[in-house]
Amino acid sequence: MEKASVSSLVRTKSEQLVEAVAAAYKSPPKNEVSGGVSEGSGNLSRKSSKRLMMAASPGRGGAGGRNTHIRKSRSAQMKFDLDDVCSGAALSRASSASLGLSFSFTGFTLPPDEIADSKPFSDDDIPEDLEAGTRKPKFQTEPTLPIYLKFTDVTYKVIIKGMTSTEEKDILNGITGSVDPGQVLALMGPSGSGKTTLLNLLGGRIIQPTVGGSITYNDQPYSKSLKSRIGFVTQDDVLFPHLTVKETITYAALLRLPKTLTKEQKEKRATDVIYELGLERCQDTMIGGSFVRGVSGGERKRVCIGNEIIINPSVLFLDEATSGLDSTTALRIVQMLQDIAEAGKTVVTTIHQPSSRLFHKFDKLILLGKGSLLYFGQASEAMSYFSSIGCNPLIAMNPAEFLLDLANGNINDVSVPSELEDKVQTEDSDTETRNGKPSPKNVHEYLVGAYETRVAEKEKKKLMVPIPLDEEVKLKVSSPKRQWGASWWEQYTILFCRGIKERRHDYFSWLRITQVLSTAIILGLLWWQSDSSSPKGLQDQVINQTTIRSLGYMNNQSKNSEELKPLFKLQAGLLFFIAVFWGFFPVFTAIFTFPQERAMLNKERAADMYRLSAYFLARTTSDLPLDLILPVLFLVVVYFMAGLKMSAGPFFLSLLTVFLCIAAAQGLGLAIGATLMDLKKATTLASVTVMTFMLAGGYFVKKVPIFVAWIRYMSFNYHTYKLLLKVQYEHMLPPIRGLRIGNGLMEVSALVAMAFGYRLLAYISLRKMKRNCGV
């Protein structure tokens, strides 16, 4: 009798909470306040009262009591007195989440009677004392917009193009389901069953003509404004390895939180998220990666979740959040998802092979097999359903293992339904059965047919029931306008600072510094004090008449041969190597920029964290300061060891020339990398391109054919070499038909045009990649 009373109480409160959710978005009178909530706390405003009601999951109570059975096992463990619950005397402290994780994702506390009915409480896990007047600070300041997710007959096909024909392959076949605020929906199935594809479709990550069916959010279709209300945690932990945990979450807060918050408020919210996720002990530790030691796998996953919950999302999607984690860490992650849902969120996650403890924490379950729906309904009723169609485990086993075996068509240790047994007897046993048992194909067809005949129509009728929200609240998800968390300039400055912090470790690694300085020292020793003003210093025979002719310094060899004799002995070999080295080096560094960050760019752009133009400009400009430090060290060593022109003017002009060469070469690398997005192809193309530029410039070929001579004007090596010769030996160059050598304006203009032109090509390539990805 007592259980019935508790269940009735929960059902009644759930109905009230759903109505309160809808009322939370209606503007109340400014001076209207609600009654007292607890002793010593005084009167709360209506806004605070609405937050309290919002935090108690409308969906977990069941939007009419549909999910009360999920909490019965918890309520039985508490052994509380109903009279104490009603009076509130039993609650002197607020219960925290199990495993030491406390959550308040909407910024409010659950009402005391709802806490007692949803969680057991433990004094060891209590982070706050209401009677003592201490309260853990809450980081969310606004209620979450409740989103009811429904999807009906979702299909998806991919087109496989062959050499002579095109084939369509079905990935998903008529998937139907729903999930309400306050619920955790688990997508289960064997590898290749379509779990990730379905999750991407529900999260708006795949928008293609081959998608069929209906997906609605509060009965509205997907719109770009939903990006600010959806959190999406990918299967792979896409994070910058050299940023710390605190830096990673702080940058996400600065970019994604609304403009109405100040920088200090955003940083405070990031700190609160770190403490809510239990990451305070590792907040100053680098994330780490393949070659960098960092945080553990569970901490890395929680950082990914923190990047998404920082925006207080209405819907949270997670792709295999527990894969690769031990059972304890996986349980902690799932408990975290449960607490997020209890704060009024809609949570959808794919999960590969959960333990029995994890399985019982899910509210709803979708079981997929070969892209078809095998079960949708309450997770706690899954075993009962399969028992009703004749599939029972013959031994005690994890329910998740049992369901995955059925989805794979494996019925070892599973009772065979009579319909399948009859089919085995009537069909050819050699081709259709294995050891007298149905084949996986037959099992799959039976399960699909059983669901369609017994459950499918009933679930579709449930989806026709209107959600308990006003039209005004429903339309909040259909705004076509994007909501940026920061202005263009703020996005640029944040990304600029993030880029420098992330890449300074690569640019100033001991390997790179050793490479540059050792090359500079070797060059300095080879050209040690080779003063070109003395006869001894003019022994370098690198430059010859062919090079002089290619640079435009000799039009008539017979007339100018006597005047050009000193030029034949210039130390131009050193200058030529400088031009080549700082042409190749930046190209092959910049090639890796966009291919390596492609996953991060796709992830952040899909969440509307920043504009592509802000990212591109910040990415390219943040590289320049780092790219120009090592050339300064290089040139200081080489210039004075080799004894080049000892005056300030030529030194800084040589330095400026090298800077222009680096900017142009870096632009070429960015353009090649962004266009191909494949490191092997990009490296091959870059090698061929740079070698062609160098060879066609006329340095090694006596006579360049006229139909390829134009290529040298596109070569940054050619223009850099010509400028370096002018800076060092302008006083030694002879007049040509009475005219002096030009002022180098053409060469400078060519290098500047290359620096901007190649970058423009890279940006256009990124825009094209964005459109193809549907971001």
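Predicted model: local features only at pLDDT ≥ 70, side-chain atom pairs only at ≥ 80, totals over all residues.
The protein chain contains 30 helices and 13 strands. It has 775 residues, and 53% of them are buried. Of the contacts between residues at least 6 apart in sequence, 77% join residues at least 24 apart.

Helix α8 covers residues 245-256 and helix α9 covers residues 263-276; their axes come within 9 Å and cross at roughly 135 degrees. Angles over 145 degrees count as roughly antiparallel and those from 65 to 115 as roughly perpendicular, and α8 and α9 are therefore oblique to each other. The crossing of α8 past α9 is right-handed. On the α8 side the contact involves Lys246, Ile249, Thr250, Ala253 and Leu254, and on the α9 side Lys263, Lys266, Glu267, Ala270, Thr271, Val273 and Ile274. Sorted by class, this contact has 6 nonpolar, 2 polar and 4 charged residues. The spacing of such positions can be read against helix geometry: an α-helix has 3.6 residues a turn, so residues three or four places apart point the same way.

The second pair is α26 and α27. Helix α26 runs over residues 612-642 and helix α27 over residues 648-676, and their axes cross at roughly 140 degrees, coming within 10 Å. With that angle, α26 and α27 are therefore oblique to each other. Their crossing is right-handed. From α26 the contact draws on Thr620, Asp623, Leu624, Asp627, Leu628, Pro631, Val632, Leu635, Val636, Tyr639 and Phe640, while α27 supplies Pro650, Phe651, Ser654, Leu655, Val658, Phe659, Ile662, Gln666 and Leu670. The class count for this contact is 15 nonpolar, 3 polar and 2 charged residues.

Helix α26 also holds arginine 619. Is arginine 619 buried or exposed? Its relative accessibility is 7%, so arginine 619 counts as buried. The side chain of arginine 619 forms a polar contact, at 3.0 Å, with the side chain of glutamate 597. Apart from neighbours within four places in sequence, arginine 619 touches Arg503, Thr593, Phe594 and Glu597.

Helix α23 (residues 572-590) packs with helix α28 (residues 679-696) at an angle of about 160 degrees, and the axes are 11 Å apart. An angle over 145 degrees counts as roughly antiparallel, and α23 and α28 are therefore roughly antiparallel to each other. This crossing is right-handed. Phe576, Val580, Phe584, Val587 and Phe588 of α23 meet Thr683, Ala686, Ser687, Val690, Met691 and Met694 of α28. The contact has 9 nonpolar and 2 polar residues, and no charged residues.

Helix α14, residues 399-407, is mostly covered, with 7 of its 9 residues buried. The buried residues are Pro399, Ala400, Phe402, Leu403, Leu404, Leu406 and Ala407. What do the buried residues of α14 pack against? Their partners are the strands β5 (184-188), β10 (364-369) and β11 (372-378), together with the helices α12 (356-359), α13 (382-388) and α17 (440-463). At the start of α14, asparagine 398 places a side-chain oxygen within 3.0 Å of the backbone nitrogen of alanine 400. After α14 comes glycine 409, which has a positive phi near 80 degrees.

Most residues other than glycine have a negative phi. Aspartate 413 is not a glycine, yet its phi is positive, about 60 degrees. Aspartate 413 sits in the loop between α14 and α15 (418-426). With a relative accessibility of 40%, aspartate 413 counts as partly exposed.

Asparagine 218, also not a glycine, has a positive phi of about 55 degrees. The loop that holds asparagine 218 lies between β6 (211-217) and β7 (230-233). Asparagine 218 is buried, and its relative accessible area is 0%.

Technical notes
Residues numbered from 1 in each chain as written. Heavy atoms only, no water. Axes fitted to C-alpha atoms, helices over the stretch in contact; angles between N-to-C directions. Helix = DSSP H or I, 4+ residues; strand = E, 2+ residues; numbered from the N terminus. Parallel < 35°, antiparallel > 145°, perpendicular 65-115°, else oblique. Left-handed = near helix turned anticlockwise from the far one by under 90°. Contact = heavy atoms within 4.5 Å. Nonpolar A, V, L, I, M, F, W, Y, C, P; charged D, E, K, R; others polar. Buried < 20%, exposed > 50% of the residue type's maximum accessible area, 1.4 Å probe, protein only. Polar contact = N/O pair within 3.5 Å; in protein donor to acceptor, adjacent residues only side chain to side chain.
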